[in-house]
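Have the viewer open while you read.

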Amino acid sequence: IVGDDFTEVDAQVFRGRTISLDGLERAAGKTFFWAGRYSQNLNERVTLATELNVFAQFQPRLPEKYRDSEYVFLANIAPDLQRQVLDQVKKKPRLAAMDTMNYWIERTNAELRETLKHVDILMINDSETRELSNEHNLLRAAKHIFKMGPSILVVKRGEYGAMMVDKRGVFCVPAFPLEEPHDPTGAGDSFAGGFMGYLAGSKGPSDASLRRAMVYGSVLGSFAVEKFGLDRLRHLKQSEIHARARHFSKLTQFKL
């Protein structure tokens, strides 16, 4: 849902791409707003303001053609709304993943725990992992979170890369080395998009495809931080994505 401040110019970023806008709702008022301050290394942030605005009264309604989706990602909104979205999918998805943040962990913890019972993957950053689990060690935190419902935890760690934990063990990918990252806002969402997009185009969530999804998530996140806002993603080509994924392979390949 977007407000009056979301103009046709803003909507142009979606034009000419295979992105459906059937589910986009417009309402009177302002669009959701977040402001934060990043540390010098861009890896830590302090929230300065979170304004729900039109989100406050939002009741998601899935278009009919969305309701048979096999791969569902519940992006960062109120846990009750995430569950409403999942309830509108006609049959159990092959894979359901979700994101959340400190705002919901602190204010709607009971609702969040209920939603966690219905997803396969939780994708959150390291500080949120610790806050949700009350465990500092990320491996112990993962075991605690698995008891809440998800069977896979993906921890986004900013400039330190990302870590996936499941019953098979741990898999880590580094962050792509960049000389001048400009804006980390949205890097985690871009990671989730690359991760879920790769899985949706694969034959299913096998151990190998999940590991490759981690790489493609990191690739998309690395492009997102190269310029401010959406400026880098606006002109991104699929050939660049695959080329950077191959570069990732070279970065992490070694023999014993």
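1. A quick definition before the packing: contact here means heavy atoms within 4.5 Å. Keep in mind, too, that this is a predicted model.

2. Start with H5, residues 126-133. Its buried residues are Asp126, Glu128, Thr129, Leu132 and Ser133. They line one face of the helix, since they fall within an arc of 160° seen down the axis of H5. On the general point, residues three or four places apart in an α-helix point the same way, because there are 3.6 residues a turn.

3. What do the buried residues of H5 pack against? The list is strand E2 (45-51), H3, H4, E5, helix H6 (138-146) and strand E6 (152-156).

4. A polar atom of its side chain lies 2.8 Å from the backbone oxygen of Thr129, and one lies 3.2 Å from the backbone nitrogen of Glu135. Leaving aside residues up to four places away in sequence, Ser133 touches Ala141, His144 and Ile145.

5. Now H4 (residues 109-116), where Leu112, Thr115 and Leu116 are buried. These cover an arc of only 100° around the axis, which puts them on the same side of H4. Their packing partners include helix H2 (79-87), strand E4 (95-99) and H5.

6. For context, UniProt lists residues 66-230 as "domain: Carbohydrate kinase PfkB" in an unreviewed entry. Over that range the chain is 44% helix and 18% strand.

Notes:
Residues numbered from 1 in each chain as written. Predicted model: local features only at pLDDT ≥ 70, side-chain atom pairs only at ≥ 80, totals over all residues. Heavy atoms only, no water. Buried < 20%, exposed > 50% of the residue type's maximum accessible area, 1.4 Å probe, protein only. Helix = DSSP H or I, 4+ residues; strand = E, 2+ residues; numbered from the N terminus. Arc of directions from axis to C-beta. UniProt positions renumbered as here; feature names shortened; annotations may be inferred. Polar contact = N/O pair within 3.5 Å; in protein donor to acceptor, adjacent residues only side chain to side chain.
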